Amino acid sequence: MTLETTLAAIGPADEQAMAAARELQGRLTKPAGSLGVLEELSVRLAGLAGTCPPPMPEPAAIAVFAGDHGVHAQGVTPWPQEVTAQMVANFIAGGATINAFARQVDASIMVVDVGVKIPLHGGENLLEANIRRGTHDLAVTTAMSEDEALTAIQVGLSVAGALVEGGAKCLLTGDMGIANTTPAAALIAAFTGASPADVTGRGTGVDDETYARKIDVITRALALHEPDPAQPITTLAAVGGLEHAALAGFILGAASYRVPVIIDGVIAASAALVAAALAPNSVAAMVAGHRSAEPGASVALANLGLTPLLDLGLRLGEGTGAALALPLVAAAVRVLREVATFDSAGVSEK
């Protein structure tokens, strides 16, 4: 699917299915509202699927999009850029945290190179879709061209389509890219109007000096590019990353298939803002897996109107928070599918 046809296919949540889910929740053998956030999630999932109860979100598939960043030259992280390619190799070998969590929740993993600087050496679950060997330095010039941003979005759309057509009933966002919390914070500031200081975190754990430099870099980049949230592709190209762009496409792809997509941390949350700017109805497909320790994630989720399912102080990325949230998404659906009603169970109501 092209971006144009994808955007045209993304419709609003089905109000009838949502009403049916709310009515069913009220008849189940439990006090109304007693499952809190999970009840509203089940209603949203029914609205997305257009049926009550919605289908179980399994099998699930994780896509980890990887890219490098020219802004690394500004000293925004102590980690060497080579770690991106090294960690991609670790994903392929099955040795990263996301691999362990994926095994725990029985989800598949696809690793997608959209912008890694160092050429990779293949692997059965690696998709080589490199658009350029890392972005430009967003503090000096646009991170990428609009054509490159659109190409990365198309990669994400294609991956989502391939996974759903291959049987996936739930998609999970993953990412890898040394220095990628800097463009994420820049995107969140650009799309929400929040100040760089309010959306910038310590990423992999930077010291005070590096943290101050990171805020300054984002402030200078926003002043240089003057991004307009009403021009999402231009904004994405100016201060985003290739994995952010691919994730935006991945999220849009899920929405066009009316399949839930679990948003991981701050990288995915920034990409979700891009997706929502392009297709406001795409938010209906988004499930906030967790509240990242990165402050920009909370700003982005609030802007999207999404309630995170977990709050564990996570800041790893890779899709780890999304994977941990998957059983909760399944549980929310299972309640509608399996819990007896007062009538069918012969239980007295209050």
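This is a predicted model: local features need pLDDT of at least 70, side-chain atom pairs count only at pLDDT 80 or more; totals for chains, interfaces and linings use all residues.
The UniProt annotation "active site", taken from an unreviewed entry, covers Glu318. Glu318 is found in the loop that runs between helix H13 (295-304) and helix H14 (320-338). With a relative accessible area of 5%, Glu318 is buried, because this value falls under 20%. Apart from neighbours within four places in sequence, the residues in contact with Glu318 are Val64, Met87, Phe91, Ala96, Thr97, Ile98, Gly174, Asp175 and Asp264.

The largest pocket holds about 520 Å³ of space. Two or more residues of its lining come from each of helix H4 (82-93), strand E4 (170-176), helix H7 (181-192) and helix H12 (266-278). In total, 30 residues line the largest pocket, and those nearest its centre are Met176, Thr204, Arg315, Leu316 and Gly317. By residue class, the lining comprises twelve nonpolar, eleven polar and seven charged residues.

Two cis peptide bonds were examined. One joins Cys52 and Pro53, with omega at about 0°, and Pro53 is placed in the loop between H3 and E1. Another joins Glu58 and Pro59, again with omega at about 0°. Pro59 lies in the loop between helix H3 (37-49) and strand E1 (60-67). The relative accessible area of Pro59 is 49%, so Pro59 counts as partly exposed rather than exposed, a class that requires over 50%. Not counting residues up to four places away in sequence, Pro59 touches Gly167, Ala168, Lys169 and Cys170. The C-alpha atom of Pro59 is separated by 39 Å from that of Pro227, which is 168 residues apart from Pro59 along the chain.

Positive phi values in residues other than glycine were also examined. Asp106 has phi near 60° and is placed in the loop between helix H5 (97-105) and strand E2 (107-115). Asp106 counts as exposed, since its relative accessibility is 67% and the class begins over 50%. For Arg258, phi is near 55°. Arg258 lies in the loop between helix H11 (242-256) and strand E5 (261-263), and this residue is partly exposed, with a relative accessible area of 27%.

Note on methods. Residues are numbered from 1 along each chain as its sequence is written. Side-chain values use heavy atoms; hydrogens and water are left out. Helices (H or I, at least four residues) and strands (E, at least two) are DSSP runs, numbered from the N terminus. Buried means under 20% relative accessible area, exposed over 50%, partly exposed in between (1.4 Å probe, protein chains only). Contact means heavy atoms within 4.5 Å. On a 1 Å grid over the protein atoms alone, a cavity is a set of points where a 1.4 Å probe fits but cannot get out, and a pocket is an open set with protein on both sides within 12 Å along at least five of seven lines; lining residues have an atom within 4 Å of a point. Grid points are joined across faces, edges and corners, and a volume is the space filled by probe spheres set on the points. Ala, Val, Leu, Ile, Met, Phe, Trp, Tyr, Cys and Pro count as nonpolar, Asp, Glu, Lys and Arg as charged, and the others, Gly among them, as polar. UniProt positions are given in the numbering used here, feature names are shortened, and annotations may be inferred rather than shown by experiment.
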